[in-house]
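Hi,

Here's the structure I promised to pass on. Have a look, and then I'll run through what turned up.

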Amino acid sequence: MPLILGFTVASIGITPPGLLNMTAAKLSVRDGRSKALMFALGATFTVLFQTYLAVLFAKFIDRNPEIINLLQEIGLGIFVLLTLYFFTIANKPKKPKEELKMKSKTSRFFLGMLLSALNLFPIPYYVFISVWLSRNGYFFFNQSYISLFVLGAVIGSFLVFYLYILFFKKKEGEKPSFLITNINYIIGSITGLVSIVTLIKLINNNLG
C-alpha cells in the first residue's frame, strides 16, 4: 500500500511540465538519451533524500508553518535566478568546443542532483501529502511505511523522467519542433510562473 501511494503521489506531482522533466527532455534531444537518463538518475537520487526527509519530519514541519514559509522564500529566490538564466544566459550562442567539454555523463548526473536539490518544492509537497494520508488512516509514520513510500516515490519520479525523455526524442533527420527550439524560454516561463505563484502565497501568508 505505501509503495503504491508513493508511486502515485510522485507521478502526479512530477508529471506536469516543470524544470526537471523539461530539462531531461531538452538533454535527450540535444545530448542524447543516455546523458538524459544520467540526468534523470541524478535528479531521482536527490528526490530519494528529499522525500525521506520530508516524510521523516512531516509532523514537526506541519506544526511549524514558519518553516514552510522559509522554504518558499528560499525557493522564490532560486526560481527567480533560474528564470533570468533561461531567458538570458541559456539562450546565448555557445562555442562548440566548450559545450563538448560539459557533455560527460558524470556531469549530467551531478547536474540532475543539483537542479533537483535547488527545487525545494517537493519537500512541502510530500510533507502535506504524508500528513494528509496519515490523518485519513492511509499512512503510518513507522520505518517500513516510510521506506516503501520513499521507494515508490523514487520509482514514480524516474518513470516520469523516462517518459519525458522518450517523448522528446528527436528522430534522425527530423527538423526540431517549435517546442524543442524554444525549450529554454518554456523552462524559463515555468520557473517564472512558479516564482509568481510563490510570491503570491508568501504575500497572502504575511497578510493573513
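**What turned up**

Leaving aside its neighbours within four places in sequence, L3 makes contact with L148, F149, L151 and G152. This is a predicted model, by the way. L3 sits in helix α1, and its C-alpha atom is separated by 4.5 Å from that of G152, 149 residues away along the chain. With a relative accessible area of 33%, L3 comes out as partly exposed.

G152 brings us to helix α9, where it is one of the buried residues, along with I146, F149, V150 and A153, among others. What covers the buried residues of α9 includes α1 (2-14), α2 (19-30), α3 (33-56) and α8 (122-135).

Now the packing. The largest nonpolar core has 19 residues, and those touching the most other members are Y126, V127, L133, F139 and F149. Helices α1, α3, α8 and α9 each give two or more residues to this core, with the largest share, six residues, coming from α8. As for F139, not counting residues up to four places away in sequence, it touches V55, S130, L133, S134, Y145, I146 and F149. There's also a second, separate core of 18 residues, which includes L20, A24, I165 and I190.

Next, the space that is left open. The largest pocket has a volume of about 760 Å³. Which of its 28 lining residues are closest to the centre? Those are G13, N119, F121, P122 and V194. The elements giving two or more residues to the lining are α1, α2, α3, α5 (65-87), α8 and α11 (183-207). By class, the lining has 19 nonpolar, eight polar and one charged residues.

G188 counts as buried because its relative accessibility is 0%. Its C-alpha atom is 4.6 Å from that of T83, though G188 and T83 are 105 residues apart in sequence.

Over to you!

Key:
Residues are numbered from 1 along each chain as its sequence is written. This is a predicted model: local features need pLDDT of at least 70, side-chain atom pairs count only at pLDDT 80 or more; totals for chains, interfaces and linings use all residues. Side-chain values use heavy atoms; hydrogens and water are left out. Buried means under 20% relative accessible area, exposed over 50%, partly exposed in between (1.4 Å probe, protein chains only). Helices (H or I, at least four residues) and strands (E, at least two) are DSSP runs, numbered from the N terminus. Contact means heavy atoms within 4.5 Å. A nonpolar core is a set of buried Ala, Val, Leu, Ile, Met, Phe, Trp, Tyr and Cys residues joined through side-chain atoms within 4.5 Å. On a 1 Å grid over the protein atoms alone, a cavity is a set of points where a 1.4 Å probe fits but cannot get out, and a pocket is an open set with protein on both sides within 12 Å along at least five of seven lines; lining residues have an atom within 4 Å of a point. Grid points are joined across faces, edges and corners, and a volume is the space filled by probe spheres set on the points. Ala, Val, Leu, Ile, Met, Phe, Trp, Tyr, Cys and Pro count as nonpolar, Asp, Glu, Lys and Arg as charged, and the others, Gly among them, as polar.
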